[in-house]
Amino acid sequence: MAADRRIVPGDLLDFATAVYASAGMPPADARTVADTLVQADLWGHQSHGVMRLSWYLARLKAGVCTAVAAPRFVVDAGAVAVIDGDDAMGQVLTLHAMRDAVRRAKAHGIGAVALRNSNHFGTALYYTLAAAREGCVAFLSTNASPAMAPWGGRKKTVGTNPWSWAAPAGSYAPMVLDIANTGVARGKIYLAKQRGLPIPEGWAIDAEGAPTTDASAAIDGIILPMAGHKGYAIAAMMDMLSGVLTGSAFGSGVFGPYQTEHKSGAGQMMIVLDIEKFQPLADFNARMEKMKSVPLAQGHDEIFYPGEIEARNEAMNRRDGVMLPADTIADLVKVSHATGVAPPF
């Protein structure tokens with residue numbers, strides 16, 4: 001029986017890289033995908049970590065996701081670009097597109113890159129942080145398979161459609177926001193299902209429209225939006241940016257990483273601003289550092305800006321090792337047996 005255990009992050013990264021390389025991915029691309037998963041675990045977001053390793057592997061083996069990425073420009077016009085990903089791994093495509101958006105921002109002050117025919121990419125903050133480290137403010141949106149109904153409806157047609165902003169923060173770790181527009185990311189419900197745990201009330205309703213704490217019923221039912229109608233409205237706008245504007249699929253035309261029957265159709269939109277074109281980067285960083293200078297409310301010891309907790313989690317988990325739950329360990333053992341790649345434990 002598998003047990004919870006701590007794994008050296010580098011060993012976990014090497015294992016995941018070898019698994020994806022065994023499915024035909026080029027070594028550098030395999031490492032990119034692996035890094036996005038391990039990084040999520042380092043940040044403390046196990047719902048988007050190596051728990052998903054087998055999901056993406058299954059999609060590669062089923063042929064609904066292309067192992068060798070060959071993104072091509074549909075539009076290449078100064079500050080603006082549209083890239084067709086031809087159904088390759090979303091992690092590889094999005095990092096490629098974000099780097100291109102940074103390049104355009106450095107040349108023009110702003111870079112806007114649309115990505116069509118992509119796939120699920122894991123955590124959005126992975127990519128916006130890449131731009132923040134280059135002295136930029138970055139925005140990224142993606143659409144996802146239907147998870148919620150339009151406000152007042154009972155049929156799922158709108159995805160969680162996450163979005164992220166990131167910016168450097170001087171002597172602090174970058175400020176970064178990454179949120180879904182449902183009250184909870186769907187991956188956290190899958191994590192609860194994997195572990196056999198109930199979910200909190202208010203996360204979802206079942207297929208009959210009744211509140212549920214059962215993870216399986218929630219997945220078959222409807223995940224509730226954050227902030228009521230406001231969450232639905234934001235999700236709809238992110239679908240407009242990520243799907244309609246990019247020329248990719250949208251609404252019920254998008255399929256998630258949890259299945260192997262359909263190509264994803266997901267799209268992404270990224271917008272990058274070069275801070276130096278607005279003000280000296282040093283001035284920006286100094287101003288950002290002041291954002292923690294707020295009097296504390298009763299019962300609080302410190303102000304945390306978005307992304308600060310993740311940065312602290314990463315430092316701790318790199319030092320102590322990534323703690324993986326028993327069910328994830330068991331799943332990695334299955335992947336090891338299926339691929340012939342030795343596990344990191």
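**Close-up 1. Helices α2 and α4 sit roughly perpendicular to each other.** In this predicted model, the axes of α2 (27-43) and α4 (residues 90-108) come within 8 Å and cross at roughly 95°. Here an axis is a line fitted to C-alpha atoms, for helices over the stretch in contact, and angles run from 0 to 180 degrees between N-to-C directions. Angles under 35 degrees count as roughly parallel, over 145 as roughly antiparallel, 65 to 115 as roughly perpendicular and the rest as oblique. Helices (H or I, at least four residues) and strands (E, at least two) are DSSP runs, numbered from the N terminus. From α2, look for Asp29, Thr32, Val33 and Thr36, which meet Gln91, Val92 and Leu95 of α4; contact means heavy atoms within 4.5 Å. Sorted by class, that gives three nonpolar, three polar and one charged residues. (Ala, Val, Leu, Ile, Met, Phe, Trp, Tyr, Cys and Pro count as nonpolar, Asp, Glu, Lys and Arg as charged, and the others, Gly among them, as polar.)

**Close-up 2. Helices α3 and α11 run roughly parallel.** Their axes are 10 Å apart, and the packing angle is about 30°. On the α3 side you'll find Leu53, Ser54, Leu57 and Lys61, and they meet Asp331, Leu332, Val335, Ala338 and Thr339 in α11. This contact is made up of five nonpolar, two polar and two charged residues.

**Close-up 3. Here's the largest nonpolar core, with 29 residues.** A nonpolar core is a set of buried Ala, Val, Leu, Ile, Met, Phe, Trp, Tyr and Cys residues joined through side-chain atoms within 4.5 Å. Buried means under 20% relative accessible area, exposed over 50%, partly exposed in between (1.4 Å probe, protein chains only). Tyr20, Met25, Leu53, Met89 and Leu324 touch the most other members. Among the elements giving two or more residues to this core are α1 (9-22), α3 (53-62) and α11 (326-339). Zoom in on Leu324 and its contacts include Ile7, Leu12, Val50, Ile329 and Leu332, leaving out residues up to four places away in sequence. A second, separate core has 28 residues, including Trp43 and Val176.

**Close-up 4. Helix α9 (residues 281-289) has a buried side.** Phe284, Asn285 and Met288 are the buried ones. They span an arc of only 95° around the axis, so they lie on the same side of α9; the arc is that of the directions from the helix axis to the C-beta atoms. Over on the other side, Ala282 and Arg287 are exposed. The buried residues pack against β5 (136-142), β8 (163-169) and β9 (172-179).

Close-up 5. Not counting residues up to four places away in sequence, its contacts include Met98, Phe139, Trp165 and Val176.

Close-up 6. Asp11 is partly exposed, at 38% relative accessibility.

**Reading notes.** Residues are numbered from 1 along each chain as its sequence is written, and side-chain values use heavy atoms, leaving out hydrogens and water. Because the model is predicted, local features need pLDDT of at least 70 and side-chain atom pairs count only at pLDDT 80 or more, while totals for chains, interfaces and linings use all residues.
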